[in-house]
Amino acid sequence: MLYVEQAIKVDAPLAKAWEVLVKPHFITQWDDVPEDFKDEALEQGSELLWQQPDGKTTTLTAIEVKPLELLKLALQVSSWKSPLPLGDIAYTFTLSKQNG
């Protein structure tokens, strides 16, 4: 399995960083979301579904949510030749408070 990891430091309270990760108003500033997505915060099981021009779909599913700590979003694309189990391709955001 392949893992890619990147860490960044954000000078903001945990609650604000969490809000930027889960609220569509902010998600649109760092990722594409479907135009008709509800203006509700992501929670366990939430799905963002995109219709591609060729009729295929892309789905991003919140498969693990621990408020203020962890958000794991699974990616699935219907045009992939071999569908993968949910979560095999995922974005994981881990938040932690740093001292100092």
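Strands E1 and E2 (residues 57–66) run antiparallel and are joined by five bridges. The model in which they occur is predicted. Its secondary structure comes to two helices and four strands, in the order α-α-β-β-β-β from the N terminus on. The C-alpha atoms fill a box of roughly 50 × 35 × 20 Å along the principal axes.

**The E1–E2 hairpin**

- Five residues lie between the strands of the E1 and E2 hairpin, and Gly-55 takes a positive phi near 90° there.
- Gln-51 stands opposite Thr-57 of E2.
- Strand E1 covers residues 47–51 and has two faces, of which the covered one carries Leu-48 and Trp-50. The uncovered face carries Glu-47, Leu-49 and Gln-51.
- In a regular strand, side chains alternate between the two faces of the sheet.

**Leu-49 in strand E1**

- Leu-49 is found in strand E1, where it belongs to the uncovered face together with Glu-47 and Gln-51.
- Leaving aside residues up to four places away in sequence, Leu-49 touches Pro-34, Thr-57, Thr-58 and Thr-59.
- The C-alpha atoms of Leu-49 and Ile-8 are separated by 27 Å, with the two residues 41 apart along the chain.

**Thr-61 in strand E2**

- Thr-61 lies in strand E2.
- Is Thr-61 buried or exposed? Thr-61 is buried, because its relative accessible area is 9% and the cut-off for buried is under 20%.
- With residues up to four places away in sequence not counted, Thr-61 touches Gly-45, Ser-46, Glu-47, Lys-72, Leu-73, Ala-74 and Leu-86.
- Glu-47, one of the residues that Thr-61 touches, sits on the uncovered face of E1.

**Salt bridges**

- The structure holds three salt bridges.
- Glu-19 forms a salt bridge with Lys-16, and the closest N and O atoms of this pair are 3.5 Å apart.
- Glu-19 and Lys-16 are three residues apart in helix H1, so about one helical turn separates them.
- Glu-19 also forms a salt bridge with Lys-23, with the closest N and O atoms 3.6 Å apart.
- Glu-19 is partly exposed at 24% relative accessibility.
- Lys-66 forms a salt bridge with Glu-64, the closest N and O atoms being 3.7 Å apart. Lys-66 counts as partly exposed at 41% relative accessibility, and so does Glu-64 at 28%.
- Which residues do salt bridges with shared partners join into one network? The network consists of Lys-16, Glu-19 and Lys-23.

**Largest pocket**

- The largest pocket holds about 1,500 Å³ of space.
- Its lining has 34 residues, and those closest to the pocket centre are Gln-6, Ala-7, Thr-92, Phe-93 and Thr-94.
- Helix H1 (14–22) and strand E4 (90–94) are the elements that give two or more residues to the lining.
- By residue class, the lining divides into 19 nonpolar, eight polar and seven charged residues.

**Whole-chain figures**

- The protein has 100 residues, and 27% of them count as buried. Thr-61 is one of the buried residues.
- Of the contacts between residues at least 6 apart in sequence, 22% join residues at least 24 apart.

Definitions and conventions:
Residues are numbered from 1 along each chain as its sequence is written. This is a predicted model: local features need pLDDT of at least 70, side-chain atom pairs count only at pLDDT 80 or more; totals for chains, interfaces and linings use all residues. Side-chain values use heavy atoms; hydrogens and water are left out. On a 1 Å grid over the protein atoms alone, a cavity is a set of points where a 1.4 Å probe fits but cannot get out, and a pocket is an open set with protein on both sides within 12 Å along at least five of seven lines; lining residues have an atom within 4 Å of a point. Grid points are joined across faces, edges and corners, and a volume is the space filled by probe spheres set on the points. Ala, Val, Leu, Ile, Met, Phe, Trp, Tyr, Cys and Pro count as nonpolar, Asp, Glu, Lys and Arg as charged, and the others, Gly among them, as polar. Buried means under 20% relative accessible area, exposed over 50%, partly exposed in between (1.4 Å probe, protein chains only). Two strands pair if DSSP finds at least two bridges between them. Contact means heavy atoms within 4.5 Å. A salt bridge is a side-chain nitrogen of Lys or Arg within 4 Å of a carboxyl oxygen of Asp or Glu.
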